[in-house]
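Have the sequence and the 3D view open as you read.

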Amino acid sequence: MLSTAKRVGNRIIGNPEQTVTTISTETYLKGIQVVKDPRHEAVKYLTSLFPIFGWITRYNLGWLTGDLIAGLTVGMVLVPQGMSYAILASLPAQYGLYSSFVGVLVYCFFATSKDVSIGPVAVMSQTVAQIIIAVDAKYPHKWAGPLIATTLAFVCGFIVLGIGLLRIGWIVEFIPVPAISGFMTGSAINIVAGQVPALMGITGFSTRAATYEVIINTLKGLPRTKLDAAWGLTGLFSLYAIRIICNQLSKRYPRRARLFFFISITRNAFVVIVLTLASWLYCRHRKTASGNYPIAILKTVPAGFQNVGAPVIDSELVKALGPHIPVATIILLLEHIAIARSFGRVNGYKINPNQELIAIGVTNTLGTIFHAYPATGSFSRSALKSKSGVRTPLAGIFTAMVVIVALYGLTPAFYWIPSAGLSAVIIHAVADLVASPSQAFSYWRVSPLEFLIWLAAVLVTVFSSIENGIYTSVSASFALLLVRVAHPRGYFLGKVTLTRNSTESREVFVPLRKDGVTNQYVKVDSPTPGVIVYRFEESYLYPNCAIINSVIVDHVRENMRRGIDFSTIKMADRPWNDPGPTLDKSLSAEAANNEKPALHAIVLDFSGVSQIDTTSVQALVDTRNEVQKWANRPVEFHFATILSPWIRRALVAAGFGIGTPAVELSNEIAPVVPHRGGRRDKLLDDASSVGVEDIEAHSESLPPTSGTVPIVPVETPFFHFDLISAVRAAEAGVEKPHERVKTPSAKSI
């Protein structure tokens with residue numbers, strides 16, 4: 001009774017009575033590791049969220065020295081940069097110090113990179129400024145700029161934290177390096193262009209407009225240059241002069257290179273101090289009745305943290321930020337991961353992207369308690385930290401101490417900092433983010449299409465906005481990925497015999513047409529007439545299977561003999577979609593057709609196929625049906641180098657590899673809707689009726705008893721370990737020239 005029910009059930013679902021041994025879902029499920037001790041795994045997961053526990057117990061005096069130097073060095077740069085970037089974000093200067101403190105302090109507990117320094121960055125600051133302007137334009141004077149920035153940090157931080165906790169940080173892999181470099185370069189140009197007016201004291205137009213408009217308006221406003229330019233241009237010149245001189249002296253005196261390095265890295269603090277002193281000396285007695293000074297200065301910076309406490313999150317403000325959250329989140333993700341990987345690659349360690357996202361998420365979420373605005377990894381400060389000899393992430397604590405000292409002890413001195421000097425600091429830091437000509441050319445050399453993505457991101461950012469530049473680079477990257485998957489490369493292969501010392505020789509298979517890889521002067525021989533060899537270079541999936549099907553079928557129709565003589569078929573009996581030659585040209589067409597070889601076998605090299613799906617298997621079945629209909633005979637399909645047992649299972653399910661007679665194979669392995677009452681392929685019915693022996697209907701051979709076994713199971717004789725054995729098996733049954741028969745006639749098709 002049970003066996004009968006099982007047989008009826010198998011018949012209903014179409015499961016054959018006798019099947020080839022393939023991998024099963026049971027095998028797959030057994031391979032999944034079952035958690036034996038959930039409590040232990042939970043503790044392990046929670047511990048992994050704090051990488052500091054993995055190295056803090058081994059902390060020593062040698063590490064402390066390196067971290068102390070690096071931490072203090074970065075702090076000296078972070079204080080002026082943090083205030084400058086806050087001004088860039090349209091926020092009071094102290095908010096840059098808030099973000100700086102939280103970023104360097106929190107990151108050390110969650111970091112998997114010792115070099116990365118988190119805090120305010122130029123691109124994020126510029127984006128925050130644009131978001132504040134956009135929200136304020138839609139809801140005039142409803143929310144203050146700091147509240148908008150803090151809410152943005154909380155929402156984006158929470159999203160990034162969720163991505164990290166769910167371990168789906170791999171999504172950042174879909175954005176290639178040229179796309180990131182493109183919007184970073186465009187953003188840097190945007191920021192530099194927007195800071196030049198402040199550097200020169202030029203006013204009277206918006207510096208938040210498109211980059212090209214800002215450049216044009218700046219050139220028009222040069223006659224209105226004010227006294228601020230004396231501080232701005234002097235500061236910018238001094239920053240570059242100190243760096244260039246120190247670099248040259250380091251090359252000339254290698255033994256003192258480290259001394260010149262530390263002199264160079266203090267240039268930001270040194271220039272700001274000198275400019276501030278000059279500003280104080282010049283402006284202190286020149287205050288106007290309205291309270292202004294001859295040049296723009298920073299003025300009052302409140303000491304300490306103001307209004308520390310739980311963030312106030314307005315749901316209506318969150319809705320207003322909705323359209324801007326994706327671009328801000330993308331910047332947090334991409335900029336930080338790109339920087340962390342870069343320094344990990346240079347310094348010989350591997351980061352955990354998911355953990356880095358957790359660090360960014362926690363930093364921005366907790367930062368809202370101190371009213372910080374969005375912070376992420378900084379390339380310039382991370383490079384400085386790395387070159388200073390940092391040993392562990394604990395250096396961030398010493399950097400936080402420097403920020404605290406500045407926030408509580410130096411704010412009175414910040415009053416006299418010239419705004420032009422801060423613009424010089426921004427321009428000097430951001431200019432390094434612009435891709436060099438050699439870097440852009442390397443993108444062109446490696447991948448011209450990705451260079452176009454880089455160029456598009458730069459141009460859109462310059463002529464539109466940073467937000468549109470990011471969306472352009474991301475969408476173009478996705479489009480390129482889809483094109484590469486949907487339009488894969490593949491080659492019909494020929495044979496080349498390699499010889500060595502005139503005694504050893506072996507056969508290799510290379511593309512028949514010139515591919516730019518093999519030597520163009522090497523003669524490539526076509527396979528044995530009647531055999532086609534095709535190599536896939538991508539996974540065989542639903543986006544590309546139709547194209548590959550067309551390529552193979554078109555090649556067969558162009559190079560292989562049609563199996564039916566159309567000269568004997570009336571026009572009324574010919575199919576509407578394939579009428580064949582006209583009656584007056586039928587004789588010459590038939591003569592040309594008989595000169596072509598009869599199709600015997602198709603060999604598919606699956607060495608580049610790692611995935612296959614239902615739609616692609618159906619496309620392969622369609623290919624088999626079409627070529628057999630063209631040849632009017634069964635055609636062998638050989639598969640070489642199948643990489644996955646699941647690919648083998650899918651192919652067996654479609655009747656490939658096992659020697660099933662063609663007349664027993666279904667035309668559809670995956671119908672969208674069931675077909676009932678449809679006729680079977682007329683061609684195959686005719687082949688069956690005339691008693692043509694099916695080429696794949698070989699009997700299975702028994703396994704050898706001598707102690708050796710074949711590398712590929714004998715129950716699938718058309719699956720082969722390598723391409724050479726597959727081609728040899730396909731060529732074994734090819735008809736000899738004297739055995740060739742003329743094309744049979746048929747009444748109708």
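Helices here are DSSP runs of type H or I with at least four residues, numbered from the N terminus. Keep in mind that this is a predicted model.

Tyr212, Ile216, Phe441, Trp444, Leu449, Leu452, Leu455, Leu459 and Phe463 make a nonpolar surface patch of about 860 Å². Helices H9 (211-220), H20 (437-446) and H21 (448-463) each supply at least two residues of this patch. H21 gives the most, with five residues, while Phe441 lies in H20.

Now for the sheet. Six strands form an open, mixed sheet in the order S4-S3-S5-S6-S7-S8. Strands S4 (504-511) and S8 (719-720) stand at the edges with a single partner strand each, so one side of each has no neighbour in the sheet.

| Strand pair | Bridges | Direction | Residues facing each other |
|---|---|---|---|
| S6 and S7 | Five | parallel | Leu604 and Phe639 |

How many of the five residues of S6 are buried? Five of five are, so to speak, under cover. Ala601, Val603 and Asp605 are buried on one side of S6, and Ile602 and Leu604 are buried on the other.

Note on methods:
Residues are numbered from 1 along each chain as its sequence is written. This is a predicted model: local features need pLDDT of at least 70, side-chain atom pairs count only at pLDDT 80 or more; totals for chains, interfaces and linings use all residues. Side-chain values use heavy atoms; hydrogens and water are left out. Two strands pair if DSSP finds at least two bridges between them. Patches are made of residues with over 30% relative accessible area and no salt bridge: like charges are joined within 9 Å, nonpolar side chains (Val, Leu, Ile, Met, Phe, Trp, Tyr) within 5 Å. Accessible areas come from the Shrake-Rupley method with a 1.4 Å probe; for residues, only the protein chains shown count as cover. A salt bridge is a side-chain nitrogen of Lys or Arg within 4 Å of a carboxyl oxygen of Asp or Glu. Buried means under 20% relative accessible area, exposed over 50%, partly exposed in between (1.4 Å probe, protein chains only).
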